[in-house]
Structure formats: C-alpha cells, structure tokens
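Hello,

Here is the structure for your set. My notes on it follow below.

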Amino acid sequence: MKKLIVLLFVMVGLMVSGCEESKDIEAILGLVKDEVIVGFSDGLEVTENLVFPVTSTDYATADIVWTSSNTDVIAEDGTVTPTLYDSNVTITVTITYLGREVTESFDVIVLGTFDAEDHLAWLDTFEKPDLVDGVITLPSTENIFGYDASFSVDQGLVIIEGVITLPASALEDGLTFTLTLTSHDEEITFDYVVMPPNQLNAVENIRYENNQILWDGVDGADVYHVTIYKAELVVVDEDADETSIAFVDQAGYYDVYITAKDSSEVMNDSGEAMTTISVLSEAETIIIEAEDGALNDGMYKGNELASGGAYVGGIDNVGQGIMLMVLVPAEGDYLLDVFYSTGFPPSAHEVFINGVSQGKVTYTTNTGWGGEGYYVSDFSQIVVSLDSGYNEIVIQKTNESDNWTELDKVVLTPNGSLFYNVDDLDDVEIPVYTLQAEWANMIGGNIGIRVNEVASNGAYVGGIDNVGDGIKFRFFAVETGTYTMTIKYTTGVDNPQHEVFVGETSYGKVIYTQNTGWGGIGFYPNAAITIQIDLVEGENSISILKTGETDQWVELDMVMLELDLTE
C-alpha cells in the first residue's frame with residue numbers, strides 16, 4: 001500500500017512538471033515571435049528587400065522559417081522583385097521550439113514600378129499620326145513604361161502591321177473615323193475627317209486670343225460663317241473674309257461654330273466646326289451686379305437709378321449678405337470696390353473670399369435712402385486675394401454694430417499690372433457653391449434664423465414646423481447641367497422629410513436619416529443628405545419645403561451645389 005501511494009505521488013509530480021514545462025515553451029515561443037516580427041504588420045507597403053530574422057537572440061535553438069504566398073515577388077530570403085502594378089503578398093513566419101510551433105502571417109503590399117504621372121505626361125505629348133494620301137503609319141507602342149500600348153480604329157477600318165489604309169470609297173465619298181490609343185487603362189483619341197474632293201475641309205484650331213476669335217485657314221475657302229452662342233443666346237452671327245473676327249464680351253463660356261465656304265460655289269461648304277471657349281477677362285475692371293448675389297429674392301430691389309436697374313437691400317441681421325461667383329483671369333491681388341448706399345454711416349460688411357475673411361469694407365458717406373441721389377458713385381475699397389478661375393465672394397453683416405447698408409455693384413480691378421488670360425473650358429474648375437440657409441427666403445410663421453457658433457457661418461434656420469414652411473434660394477448658376485445638392489441639417493426625430501423644388505418642378509423628397517438631436521456642441525456632426533437637381537445657366541429658384549403633415553421637423557444649416565461633370 002505504501003508503494004502504491006508513493007507511485008501516485010510520483011505520477012502527479014511528473015504531470016505538474018509537464019504542465020509547467022509546456023507553459024514555459026509557449027511563453028518562449030511568444031517571446032521569439034515578438035522578437036522576429038518587429039516592423040511587420042498588415043498593410044505594410046514594401047519598396048525594398050525585407051530582412052527575415054532566422055535566429056533568436058536569447059533562444060538560439062528555436063527554428064525560424066519564413067514563407068511567401070508569391071515567391072516571384074517576395075522570395076523566402078526576403079528578396080523583393082516588384083512587378084508593374086502593386087502586388088498583395090502574404091508572408092508567414094513559423095517558429096518551432098522543443099517540438100512545439102507557432103505561426104504569424106501578414107498581408108503586405110509590394111508597390112509596383114508603374115509611375116502614373118510619367119505615363120500621363122507621355123500621353124499628353126503623344127502626337128496625332130499623320131494621314132497622307134489615305135494612309136496612316138502608326139508609331140511603335142512597344143514597352144511604353146514597361147507595358148505595351150495598342151491602337152484601335154472604328155468605322156470598319158483595320159490595322160495591318162501598323163498601317164491603316166483607307167478604302168477608295170472613303171477618299172471619294174468622305175469618311176469620319178476615330179483612332180484610339182489605349183495604355184494602362186488610359187485612352188486618348190484622334191479624330192480624322194476625310195472630305196470628298198469637291199468639299200472643303202472643316203475648320204480647325206478655333207481659339208480666342210487678344211480680343212479675337214481665330215482659326216486656321218481652309219484651302220479653297222474665301223468666306224467663313226461664324227455663329228457664337230452664350231447658353232441659348234446668339235451673340236454673333238456673321239460672315240468673315242479673314243480667319244479671325246473681333247470679339248470683346250463679358251467673362252463666360254461661349255460655343256463657337258464656324259463653317260468654311262467657297263463663294264464661287266465650286267466647292268461645297270465644309271461641315272460646321274464647334275469649340276467651346278472660356279473668356280476670363282481682358283477688361284481693366286470686372287463688374288458684378290450685387291443683385292446677382294441676392295439669394296433671398298426679398299432682398300432684390302428694383303431701381304432704375306441703380307447699376308443694372310436693381311440693388312440689394314434688407315441686409316439687416318447678422319449673417320445676412322450676398323454671395324457672388326466671379327471668374328477672374330489670374331491669381332493675384334485685386335482692388336475690390338463696393339458701391340453702396342447707407343443712411344447710417346459709418347457702417348461695414350465683412351468680405352470673404354472662398355471662405356476666408358479678407359477684412360471689412362467700411363462705408364463712411366451718408367448717401368441717404370432712396371431718391372435721385374440714391375446711387376451716387378460712392379464706394380468703399382479693400383484689397384483681396386483671388387485665385388485664377390472662379391472665386392466665391394461673400395459680403396455680409398457679421399456684427400450688430402455694423403449698422404445697415406444697401407449694395408449696388410462690386411468692381412474688381414487687378415492691383416498692379418493688367419492680368420490677361422484665357423483658358424480652355426477643361427482648364428477652368430467649375431465651382432462648388434455653398435449657400436447658407438440663413439441667406440434664403442424664410443417661408444412660414446415660426447421659421448427664423450437661430451444663432452449657434454457650431455453651425456456653418458454661426459447660424460442655421462429653425463421653426464420649419466407647418467406644411468408649406470421652408471426656405472427658398474434665388475440662385476445664379478454659371479452653367480446649365482445636373483447638380484448634386486447636399487443639404488446639411490439637424491433633427492431630433494427619426495426619418496423626417498422635405499420636398500425639393502426647382503421653380504415649380506418637384507425633385508421628390510429627401511429623407512434625413514441621421515438623428516443628431518437638438519442643440520448642444522454636437523449639433524452639427526456632419527449630417528448631410530444629397531439629391532440631384534437640374535439647373536440652368538443664370539437665375540434659378542430652389543426651394544426646400546415641408547409638404548406633408550407627417551414629414552416631422554428638421555433644422556437646416558447649409559446647402560452645397562456641385563455640377564456633375566460625368567455627363
């Protein structure tokens with residue numbers, strides 16, 4: 001019996017010893033793993049050879065083995081061979097010690113050698129292959145940035161050993177076709193127009209320079225018919241004997257159509273060539289009517305004595321003002337003159353350019369209200385910094401002590417040498433408009449502006465309580481198209497709704513899905529909803545209204561409008 005008891009004690013001791021030893025091995029494996037994986041993590045971007053530790057400083061007998069899911073890119077000794085594009089590779093380390101093992105894996109990214117910027121730069125300089133006597137000989141496209149490019153052509157034409165040969169019918173009857181170069185998921189296209197022998201070629205290289213529309217001459221043509229549109233309005237419709245016409249007009253986009261003609265009628269007219277140009281400005285001053293920036297049509301005041309026959313009044317409360325979008329020729333400092341009227345000098349407005357304060361304009365002359373002396377040429381001047389292209393100019397009351405002022409027009413003059421520049425349409429970035437809700441017309445008995453420093457511009461619109469309540473903007477767009485409208489809001493209820501109108505046309509209801517709560521520091525946690533609407537160049541009316549009894553309650557902070565350029 002004593003021998004049996006002793007034997008049991010020995011067995012229990014061995015079991016306890018074995019457990020402790022197992023725990024020790026696991027701890028050592030953990031220490032070794034922590035030592036060798038330093039610097040490795042999921043998502044690691046790899047550009048050079050990796051160092052795979054294969055020995056442990058404190059546990060030399062531990063066996064450490066690294067493996068790779070793609071040894072062509074990351075070899076098991078850590079050598080990295082990048083491919084053209086980024087490669088996802090899983091690397092795994094296996095550590096074995098005293099018969100036990102542990103593994104750890106990491107998904108890393110080996111960055112490719114392809115340089116997208118260099119590739120696009122090459123595409124920009126690729127010249128259009130010449131069409132000579134009905135034949136186009138294509139340049140070699142092998143090994144462009146390590147990846148072959150390819151040509152393709154439409155209209156049933158074929159490429160044989162790098163050559164396109166037009167059929168006789170194309171030379172006799174004419175043909176329009178497109179050649180496409182594809183490389184690295186990028187495409188550039190070249191358009192070709194083959195005219196019949198008795199038809200003039202189309203006009204090319206229409207451009208705007210130094211107050212002139214110019215184009216390249218067409219062989220056999222002695223007259224060119226020129227039609228220029230601004231939106232739907234024809235601003236030029238005339239014949240020209242030369243390859244240019246004088247053109248001085250306000251900044252904006254213009255569609256130019258030119259047809260080459262032979263007055264003897266031996267040759268048929270060419271097809272109509274069209275180009276859109278963007279005239280920024282060559283005038284020493286840029287004049288913007290203040291009423292074009294009145295987002296609240298209640299602030300629009302007609303007066304034949306005012307510039308443009310109208311002015312802006314009713315800038316009574318903090319946060320109210322005008323928003324103008326202006327196209328300027330070049331980056332730099334401009335003198336901004338605000339023509340005004342006030343019966344309470346000194347008064348002031350703060351000027352914001354692209355959301356940044358440029359300081360205040362101060363109105364010091366008592367011009368009086370109304371009457372024949374209403375719009376004397378009295379102005380207040382400030383220097384502002386503008387970017388080339390479109391700039392947002394906001395002129396608003398920001399302090400109760402600023403008193404009251406009515407605005408007639410804004411004049412911009414380059415501060416120093418005269419700027420002049422014209423960009424193609426693609427070079428001018430279409431602006432994203434920011435419309436503060438407090439700038440709009442207030443519709444409803446309880447609706448009003450609420451001050452809150454957390455809100456955009458320090459205020460929002462609340463009290464949209466009853467059916468028919470809401471806000472309405474009078475808005476000027478620089479281009480016709482579909483716009484993405486983003487509404488920023490706050491609400492304390494679930495899924496309230498507003499209906500959106502442009503003029504009398506409904507674009508349906510937006511459902512505000514984020515319950516932000518009412519008031520407090522967390523009032524505006526970037527809650528926003530979007531809807532697409534169609535606007536025309538020039539004046540638009542945009543309304544956001546409560547139209548149903550069950551639509552519940554929402555407070556509005558701001559609206560952003562961005563032209564959809566994918567159309």
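Strand E2, residues 63-68, has alternating side chains. Ile-64, Trp-66 and Ser-68 point to one face and are buried (under 20% relative accessible area; over 50% is exposed, in between is partly exposed; 1.4 Å probe, protein chains only). Strands here are DSSP runs of E with at least two residues, and helices are runs of H or I with at least four, numbered from the N terminus.

E2 runs antiparallel to strand E3, residues 87-97, and six bridges join them. Two strands pair if DSSP finds at least two bridges between them. Ile-64 stands opposite Ile-95 in E3.

A word on the source: this is a predicted model, where local features need pLDDT of at least 70, side-chain atom pairs count only at pLDDT 80 or more, and totals for chains, interfaces and linings use all residues. Residues are numbered from 1 along each chain as its sequence is written, and side-chain values use heavy atoms, with hydrogens and water left out.

Now the whole chain. It has three helices and 39 strands. Of its 567 residues, 43% are buried. Take the contacts (heavy atoms within 4.5 Å) with a separation of 6 or more: residues 24 or more positions apart account for 69% of them.

Next, the aromatic rings. Rings of Phe, Tyr and Trp (its six-membered ring) pair if their centres lie within 6.5 Å; planes under 30 degrees apart are stacked, over 60 edge-to-face, the rest tilted. The count comes to 16 aromatic pairs. One of them is Tyr-59 with Tyr-97: the centres are 6.1 Å apart and the planes at 75 degrees, so the pair is edge-to-face. The two residues are 38 apart in the chain, with Tyr-59 in the loop between strand E1 (45-46) and E2, and Tyr-97 in E3. Tyr-59 is partly exposed at 25% relative accessible area. Tyr-97, at 13%, counts as buried.

Phe-247 and Tyr-254 also pair edge-to-face, at 5.1 Å centre to centre and 85 degrees between the planes. Both Phe-247 and Tyr-254 are buried.

Last, charges over rings (NZ of Lys or CZ of Arg within 6 Å of the ring centre and within 35 degrees of the ring normal). Lys-128 lies over the face of Tyr-192, 4.4 Å from the ring centre. Lys-409 has its charged end over the ring of Phe-339, 4.6 Å from the centre.

Best wishes
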